[in-house]
Amino acid sequence: MSDVYVVGVDMIKFGRFPDRTVPQIGAEAALMALDDAGLTIQDMQALYCGNLGQANAMVGQRILQEIGQTGIGVVNCANACATGATAFREAWMSIKAGVFDCVLAVGVEQMGKGLLGGAGGGAGIPKEGLLGSGTMPAVFAEAGMEHTRKYGTTFEQFAKVSVKNHHHSTLNPKAMYQIETPLDMVMNAEMISYPNTKLMCSVNVDGSAAAVLVSEKKAKELGLGRAVRIKASVLASDPYTDRDLVMPDVNAVTRIAAKQAYEMAGVSAADIDLVELHDCFATAEILHYENLGLCADGEAGRMIDEGEVALGGRIPVNVSGGLLSKGHPLGATGIANIYEVCTHLRGEGGHRQVSGARLGLTHVIGLGSACAIHILEKVA
Amino acid sequence: MSEEAVNTGPLPVVPFLKGAGTNDPYLEGQECAACFAIFLGERATCAKCGARNQLRAKRLSARGKLYSYSIVYRSFPGIDVPYISAIVDLEGGGTVKGNLIDLEPDPENISFDMPVDVVFGDALGRKDREGNRYISYFFKPAV
């Protein structure tokens, strides 16, 4: 089977674009990725589109209506916050299967402001605030407090994640925010769901990202100079664990995906030079240091304390600013993470460049649950 | 409780709350006879082992221990905050999420594994469109 390469990838600067449509926002990133590859929509054999908010509204076809109706097949994907990564993986699989040589993946989302989630829908009366909370800040706070229960992780350690990622985003012009948030500012921000303050919650923004994926044959035709090899693409769902149906278990699903991804790539966590992981809340990032094997179980608090996950540290995590500061347009996030890692592997990270980056990992979690992991490798 | 209250009494907030109109409300789990996994709500197939038609109703304990929690300060409009959203492991099996009440919502007052009782009461005055009252479950620190 052919290796699969990313030859074009880009994202728009995340922000709020209430006057634009979802297809318009998606089309912008699609054209940017095509330009990055030096290709046109006429070169694409299929489109894999990820969007959550309009999952029943043919967003992929409407993007083609904006940029070129060439008649290619379109697959529209929805997989919670793993939506973009799922679209990318479907694109990867189509080339891996030998069906196509050159395809486009786009992730796009237009978000409102405010809380996501909420406890128990269905008949009867609203359950939020009656049977606990189903808001996302609370759900991920409870997951973080499970780590506190096991290892004594502190509010301050969770808050340090947000300090780090906001600092990283000051170096990323495509992030929603470029603002330093010192520790006292993070800890004294409005408490949303203890221990997550407002600055420890990801930012709801509009955004899009896109990638052009090609077969090895096509990559060689185009020249491998800036190509990035996809060493692993894995998608897992939540396995049965004792509390998963009451308290979503984001750990087990990530561990399944990580193990498969490292096996597929033939590498270990120690070989990875940078990670973009799903910091939907500051509490979540801590869990994934361990879930992805970046440290041993129980070591995540020490990792953030000692700066191992900061730019310049042993294994920089979320140098883009992460979902906490770059922003989290749900359907775009999975491809935006891939853009970030590719940018470093290409040596084009500017002030936030992870020096000598050769292998990078992207991770997203869609609650409910889906986990997608990609391992990407510098070619030239 | 009057005869009328029994007949037209409160509805259960969730289907796994049984005996809503009686003096003996309780939570009911579905236990897999093959692997002993416990679920909330009726189902035909076990999500742990895949066994079909092996699930049996099981009265869940009214005692448990706090597994994890969050203190919710920001919720949807009209919902009183702050409150404690709690995950409780019940004695003998089953995990349930709900509000932990009768405790000042401050991390200083909350400890992992603290014993709690499951108690039942009016669903904070919430009614459905038809005006029906509901009975809910809550957790309270065990005496």
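# Questions about a predicted two-chain model

Reader: Why does A:Arg226 count as partly exposed?

Author: The relative accessibility of A:Arg226 is 32%. Buried means under 20% relative accessible area, exposed means over 50%, and partly exposed is what falls in between (1.4 Å probe, protein chains only). A:Arg226, at 32%, therefore counts as partly exposed.

Reader: Before we go on, what should I know about the model and its numbering?

Author: This is a predicted model, in which local features need pLDDT of at least 70 and side-chain atom pairs count only at pLDDT 80 or more, while totals for chains, interfaces and linings use all residues. Residues are numbered from 1 along each chain as its sequence is written, chains are lettered from A and ligands numbered from 1 in the order in which they are written, and side-chain values use heavy atoms, with hydrogens and water left out.

Reader: Where does A:Arg226 lie, and what does A:Arg226 touch?

Author: You will find A:Arg226 in the loop between helix H7 (216-222) and strand E8 (228-237) of chain A; helices (H or I, at least four residues) and strands (E, at least two) are DSSP runs, numbered from the N terminus. Contact means heavy atoms within 4.5 Å. Not counting residues up to four places away in sequence, A:Arg226 touches A:Val6, A:Asp36, A:Arg346 and A:Glu348. A:Ala380 is 154 residues from A:Arg226 in sequence, yet their C-alpha atoms are 7.1 Å apart in space.

Reader: What makes the pair A:Arg226 and A:Glu348 a polar contact?

Author: The rule asks for a pair of N or O atoms within 3.5 Å (within protein, one must be able to donate a hydrogen and the other to accept it, and residues adjacent in sequence count only if both atoms are side-chain atoms). The side chains of A:Arg226 and A:Glu348 make such a contact at 2.8 Å.

Reader: Two of those neighbours were A:Asp36 and A:Arg346. Why is that pair called a salt bridge?

Author: A salt bridge is a side-chain nitrogen of Lys or Arg within 4 Å of a carboxyl oxygen of Asp or Glu. For A:Asp36 and A:Arg346 the closest N and O atoms are 2.8 Å apart, so the pair qualifies.

Reader: What does the salt bridge of A:Glu340 and A:Arg352 tie together?

Author: The closest N and O atoms of A:Glu340 and A:Arg352 are 2.7 Å apart. A:Glu340 lies in helix H12 of chain A and A:Arg352 in the loop between H12 and E10, so the pair ties together parts that are 12 residues apart in sequence. A:Glu340 and A:Arg352 are buried as well.

Reader: What joins chain A to chain B?

Author: The contact takes 33 residues from chain A and 43 residues from chain B. There are four salt bridges between chain A and chain B. A:Arg149 and B:Asp113 form a salt bridge, with the closest N and O atoms 2.8 Å apart. H4(A) gives the largest share of the side of chain A that touches chain B, eight residues.

Reader: What makes E5(A) and strand E6 (residues 63-72) of chain B a pair?

Author: Two strands pair if DSSP finds at least two bridges between them. E5(A) and E6(B) have two bridges, in the antiparallel sense, so they count as a pair. A:Tyr194 has B:Ile71 as its bridge partner in E6(B).

Reader: What is the secondary structure of chain B?

Author: Chain B has one helix and 10 strands. Of its 143 residues, 44% count as buried.
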